[in-house]
Amino acid sequence: MNTILLLEDDKNLNRGISMKLQKEGYIVHSAYSVREAEQLFEQFPPDMIISDITLPDGSGLEFCSHIRQKSSVFILFLTALDSEIDMVNGYDIGADDYITKPFSLMVLVAKVHAFMKRTGHATQTTIHSGIISVSYTEMKAYRRTENIHSADFEMLSLSKKELQLLLFFMENARQILSKEQILEHVWDIDGQFVDENTVTVTISRLKRKIGRSYIQNVRGIGYIWTEESFRK
């Protein structure tokens, strides 16, 4: 399996990223300080480092500069700083890529998948359920259509939130998801705060586009994706 060292001092963000990447099949070792990251790097040499820049006991730039002196491991920076000088400094010390907070977890996963695929460490890149498929690398959803001669796929026209919602359901197939869980995982990752009616409306739009049988309402509890899902 592919190993990722995650250096992020925000515990909620660290946990969210770690859980998401683990669901995608990666081994994630989480560090909340430079000191922890240095120890984990020696114990569990990673295929990739995802690092914040501003940390309680130092700088992610300094940590990765030190790592770059002895390793060519792929380095992706997470930062709330989006000035040109911060990006230049990151690339100067050997960073491979950048992503600016707030960001979508799907975008981060797509970057990780793309790197692993390029280097021959690819994990599953598509999730399937019934006649619905979502490509992580393309971040596009498809529906299989049958005709007399073959099975074709048509791309579904989904908004960003509809696609995030679809993935959340497919990744948690056959599990009841409450409105609160959906709000937390689909909306809060972008720093947005919305009410429960938004979930209902978005689910209704998604059902019209993919077919109403996939998502069922569990009265008084939440929603469930009725089909099994698998990745390949």
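Which backbone nitrogen does a side-chain oxygen of serine 59 reach at the start of α3? The backbone nitrogen of leucine 61, to within 3.0 Å. Such a polar contact is a pair of N or O atoms within 3.5 Å; within protein, one must be able to donate a hydrogen and the other to accept it, and residues adjacent in sequence count only if both atoms are side-chain atoms.

The model is predicted: local features need pLDDT of at least 70, side-chain atom pairs count only at pLDDT 80 or more, and totals for chains, interfaces and linings use all residues. Residues are numbered from 1 along each chain as its sequence is written, and side-chain values use heavy atoms, with hydrogens and water left out.

## The parallel sheet

Helices (H or I, at least four residues) and strands (E, at least two) are DSSP runs, numbered from the N terminus. Two strands pair if DSSP finds at least two bridges between them. An open sheet of 5 strands has the order β2-β1-β3-β6-β7, and its pairing is parallel. β2 (27-31) and β7 stand at the edges with a single partner strand each, so one side of each has no neighbour in the sheet. On average, neighbouring strands are turned by 20° against each other, direction ignored.

β1 (residues 3-7) pairs with β2 in the parallel sense over 5 bridges. Isoleucine 4 has valine 28 in β2 as its bridge partner.

Two helices lie against this sheet. Contact here means heavy atoms within 4.5 Å. Axes are lines fitted to C-alpha atoms, for helices over the stretch in contact, and angles run from 0 to 180 degrees between N-to-C directions. Helix α1 (residues 11-23) lies across β1, β2, β3 (48-52) and β6 (74-79), and runs at about 170° to β2. α3 packs on the sheet too, touching β1, β3 and β6; its direction makes about 155° with that of β3.

Buried means under 20% relative accessible area, exposed over 50%, and partly exposed in between (1.4 Å probe, protein chains only). In α3, Gly60, Leu61, Phe63, Cys64 and Ile67 are buried. They cover an arc of only 160° around the axis, which puts them on the same side of α3. The arc is that of the directions from the helix axis to the C-beta atoms.

Helix α7 (residues 179-187) has its own buried set: Ile182, Leu183, Val186 and Trp187. Seen down the axis of α7, these fall within an arc of 100°, so they line one face of the helix. An α-helix has 3.6 residues a turn, so residues three or four places apart point the same way.

## Serine 33

Serine 33 sits in the loop between β2 and α2 (34-43). Serine 33 is buried, at 14% relative accessible area. A polar atom of its side chain lies 3.2 Å from the backbone nitrogen of glutamate 36. Leaving out residues up to four places away in sequence, serine 33 touches Leu7, Pro56 and Asp57.

## The antiparallel sheet

A second topic is the open sheet of 3 strands, in the order β12-β14-β13, with antiparallel pairing. Its edge strands are β12 (176-177) and β13 (215-218), each pairing on one side only. β13 pairs with β14 (residues 222-225) over 4 bridges in the antiparallel sense. Isoleucine 215 has tryptophan 225 in β14 as its bridge partner. α6 packs on this sheet and touches β12, β13 and β14; its direction makes about 70° with that of β14.

## Salt bridges

A salt bridge is a side-chain nitrogen of Lys or Arg within 4 Å of a carboxyl oxygen of Asp or Glu. The whole structure holds 10 salt bridges.

Aspartate 96 is partly exposed at 37%, and arginine 68 is partly exposed at 21%.

Glutamate 162 is buried, at 1% relative accessibility. Glutamate 162 lies in helix α6 and lysine 209 in helix α8, so their pair ties together parts 47 residues apart in sequence. Lysine 209 is partly exposed, with a relative accessible area of 31%. Arginine 205 is partly exposed, also with 31%.

Glu8, Asp52 and Lys101 are linked in a network of salt bridges.
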